[in-house]
Amino acid sequence: MMRVVEIDKNICTGCQECTKVCPAYAIEGNPGEPQTINVEKCVMCGQCVQKCKSYVSIVTHGYDAYNKVKKERGIPDCVNEPLFAAHNVTHIGEVKKALADPTKVVMASAAPAVRTGLAEEFGYKLGTLSNGKMAAAFRALGFDFIYDVNFAADLTIMEEGSELIQRVTTGKGKLPMFTSCCPAWVTFMERNYPDLTDHLSSCKSPQQMQGAVQKTFGADVNKLKKKDIFNVSVMPCTCKEYECSREEMNASGERDIDVVITTRELAWLIKDAGIDFKKLPEEDFDSPLGGFTGAAEIFGVTGGVMEAALRTGYELITKKSIPAVEIPSVRGGEGFRSADIQVGDLTLRVGVVSGLKHVVQVLEDLKAGKMNDYHIIEVMTCPVGCVSGGGQPKLLMDTDRETAYKNRTGATYKMDEALPLRKSHDNPEIKKIYKEFLTAPLGEKSHHLLHTHYKKGRAKTIND
Amino acid sequence: MADKMSCYVLADPNKCTGCKACELACFAEHNKKTNDVGYTVGTVTVQVTPKLYLTRTETYCMPIQCKHCEDAPCLNACKKHAIYRDENGQVIVDEEKCIGCKDCVMACPFGAISILPLSRKGAPLLQKDREVVKAASKCDLCKGIEGGPTCVRVCPNEALRLVDMNEEQLNKSIKTAQSLYDSRLS
């Protein structure tokens, strides 16, 4: 059985604060008693991990408990931060082993939201952007190639945008099309609405696209054997480890992503290696799978995938430059919002769901035939998108939550504004990979490497 | 000499869920300057030492914290003069003077004081024999901390409130007077 998110029954006080944030109603137990996670329901989003304040205490649990729990969980000795009842299972041991193995070529890639949170773990203000320092940290840790999931976010837009255009113009494929970047959402859909999975985009998430191209195109350009490549993905998300372990995620012929760690675990790795984060220089990512546009960076916030898709979709359909790159009508916070976007002669009706619990009404409306006028709906499980993900730095006080979300979101848009290229199809590395390797979006190679299928019946759960 | 009556934080066991948000926030606020604790868990490098203590039995839970007694047994018991009353009437532990003798713990009728490890600049404070220095840890009503008391501010269930005895007495006496007046009319 694969363990992703757990509640330690020896530490849980049974306060049930986590049950208030669990979007899948997966946490069970009586008040005042240790809670358990129902793995058949849990979507592994890690919001309980973010919420839990029940820490291993010298007053309650004694002096020896802390080190015992730290050891059990495989947390490095140098880490002395509080440990909580709800936690995600760490995989940094596998990363350290691969980095120490001379036969492995270790490739790093991180999600857009990671760089909005990582610096917080080193005492920086909430939402301090650390794009260049993160790249430098990977290099200092001994990674051989510093690539970026942001590259695959641009790639996702090429594929998903083309898929949407195909669904809209040819009538092939169900509408509205739902985005498929968020593995907790996909898991929720497969388990609870298996009859509606045809509405999901067939695109893999950026993480899985990145893994597949690193072990194919990345192996080719660097003259490597794919079996020697070890792909480490850093995510703001606890569910991504589950996603990478799904049996179909081996398009390259190997497991596409070997291991996933969270933003918090990357901070542990940096501390464990004795790297002074504050003194790290600003460095760049490696080419050709590390270049990205502003459209990729905004994947980290709610509405970002939609906005990125519209920036490219507009230009692919109309063959004209989009009048305004920024599309404020799809931006926002937790809940469901919709907008009509004029794309040439076509009026696209788009929806954005932020916070998984808000998707239930949308899906019920879809079943009742009330969503037929929508073309595309973005769904993200966490409150304001990936910047608020279960793997992001955890706040000591929930009273800072609003500021943290606001600042991380602000940092994301600021980075988008500052980048010279802000549309995925303008990314020269994207042009290169289609020219030299993939040929065209939705082509045969794309179909094989970048697209997937969903479970029709009850999805395989972490218990199977 | 303080001529004011001290205030204290009181918990409502009917609202408290036992989540420990108060303990963690108490620690975080008190260690921002001394131990470089930032906004997130990863910035913590020392043991969590709160100044209020979540207390649970089989039927209820609530944090217990110092009542800042007017005739404070802990202050009277401290032989090192490490406990003093500040200008607002609050009873405060001077951690630098405290030797961890535990007399205050014994004297406190409420269990509001614990002897806990001291840390400075993100590391445990050590004695000559490399043992960690420990000192009395109890509520200081967030002395010198903006927006305090922090525990009241962070409680997700509004189970904590700051009790100001003068206001408390005044409000209750007005209520009593009002009800007596109303009953006279009827």
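**Exercise 1.** How many residues does the contact take from chain B, and how many from chain A? Then describe the side of chain B that touches chain A.

*Solution.* Work on the predicted model.
- Step 1: Count each side. Chain B gives 26 residues and chain A gives 29 residues.
- Step 2: Find the elements on the side of chain B. Helix H1 (21–30), strand S6 (114–117) and helix H5 (150–154) of chain B each give two or more residues.
- Step 3: Pick out the largest share. H1(B) supplies it, with 4 residues.
- Step 4: Sort this side of chain B by class. It has 14 nonpolar, 9 polar and 3 charged residues.

**Exercise 2.** Locate the largest nonpolar core, and explain why it lies between domain 1 and domain 2 of chain A.

*Solution.*
- Step 1: Take the core itself. It has 189 residues, and Trp185(A) and Cys151(B) have the most contacts inside it.
- Step 2: Look for the largest share. Helix H8 (residues 149–170) of chain A gives 9 residues.
- Step 3: Check the domains. Domain 1 (1–89) and domain 2 (146–450) of chain A both give residues to this core, so it lies between them.
- Step 4: Turn to Trp185(A). Beyond its neighbours within four places in sequence, Trp185(A) is in contact with Leu356(A), Val359(A), Val379(A), Met380(A) and Thr381(A).

**Exercise 3.** Place Cys101(B) in its chain, and decide how exposed it is.

*Solution.*
- Step 1: Find the loop. Cys101(B) sits between strand S5 (91–93) and helix H4 (103–107) of chain B.
- Step 2: Count neighbours. Cys101(B) has 15 C-beta neighbours inside 10 Å, so it counts as partly exposed.
- Step 3: Compare sequence with space. Cys101(B) and Ala135(B) are 34 residues apart in sequence, and their C-alpha atoms are 8.3 Å apart.

Note on methods
Residues numbered from 1 in each chain as written. Chains lettered and ligands numbered in written order. Predicted model: local features only at pLDDT ≥ 70, side-chain atom pairs only at ≥ 80, totals over all residues. Core = buried A, V, L, I, M, F, W, Y, C linked by C-beta atoms within 7 Å. Buried ≥ 20, exposed ≤ 12 C-beta atoms within 10 Å, placed from the backbone. Domains from an automatic or database assignment. Contact = placed C-beta atoms within 7 Å. Nonpolar A, V, L, I, M, F, W, Y, C, P; charged D, E, K, R; others polar.
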